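Please keep the sequence and the structure at hand while reading.

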Amino acid sequence: MALRNIVKLGDPILYKKSRVVDKFDEKLAILIDDMLETMYNDNGVGLAAVQVGILKRVVVIDIGEGPIELVNPEITFEEGEQISQEGCLSLPGKWADTKRPQKVQVKAQDRNGKWQVFTGEDLKAKAFCHEIDHLDGILFTSHIVDGEELHS
């Protein structure tokens, strides 16, 4: 495993749409392992491949319950609303109050291509939404509550 550099705000890659993964091979496994190591090293709860400069639909999340690996994830269900603080490893030291669904269901493949379904509430729902947004070139700043600003 290896640490990867995290792309910071200002890099145009963060606004690009990531490509669907169609090869489930050793290269994908190495990317996922490296993303997990990088996320843990930077004390994050989620990381999308685009944040390490790779335009593939791959996300890793760990809110303290163990790692979740999502390949080609899709949100299939949303419910409720939560307003809470949100930050991003690509915007170090910055945060704001955002509005996200309270509960989501996500369908995704694992590193071997097997489909699975996850349900997340509260922080896990926010993490799913945040990271899947990255795959479509959307940053959390698009969800800042009206009247709220980005804080340092």
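This is a predicted model. Helix H1, residues 26-41, lies across S1, strand S2 (58-61) and strand S3 (68-79). These strands belong to an open sheet of five strands, which has the order S1-S2-S3-S6-S7.

**Sheet**
- Strand S1 (46-48) and strand S7 (115-121) are the edge strands, and each of them pairs on one side only.
- On average, neighbouring strands of the sheet are turned by 35° against each other, with direction ignored.
- Seven bridges join strand S6 (residues 103-109) to S7 in the antiparallel sense.
- Val104 has Gly120, in S7, as its bridge partner.

**Helices across the sheet**
- Helix H1 runs at about 40° to S2.
- Helix H2 (residues 123-135) lies across S1, S2, S3, S6 and S7.
- The angle between H2 and S7 is about 125°.

**Gln82**
- Gln82 is found in strand S4, which spans residues 82-87.
- Gln82 counts as buried because its relative accessibility is 10%, and the cut-off for buried is under 20%.
- A polar atom of the Gln82 side chain lies 2.8 Å from the backbone oxygen of Asp122.
- Leaving out residues up to four places away in sequence, Gln82 touches Thr98, Lys99, Arg100, Pro101 and Gln102, as well as Asp122, Ala125 and Lys126.

Methods
Residues are numbered from 1 along each chain as its sequence is written. This is a predicted model: local features need pLDDT of at least 70, side-chain atom pairs count only at pLDDT 80 or more; totals for chains, interfaces and linings use all residues. Side-chain values use heavy atoms; hydrogens and water are left out. Two strands pair if DSSP finds at least two bridges between them. Helices (H or I, at least four residues) and strands (E, at least two) are DSSP runs, numbered from the N terminus. Axes are lines fitted to C-alpha atoms, for helices over the stretch in contact, and angles run from 0 to 180 degrees between N-to-C directions. Contact means heavy atoms within 4.5 Å. Buried means under 20% relative accessible area, exposed over 50%, partly exposed in between (1.4 Å probe, protein chains only). A polar contact is a pair of N or O atoms within 3.5 Å; within protein, one must be able to donate a hydrogen and the other to accept it, and residues adjacent in sequence count only if both atoms are side-chain atoms.
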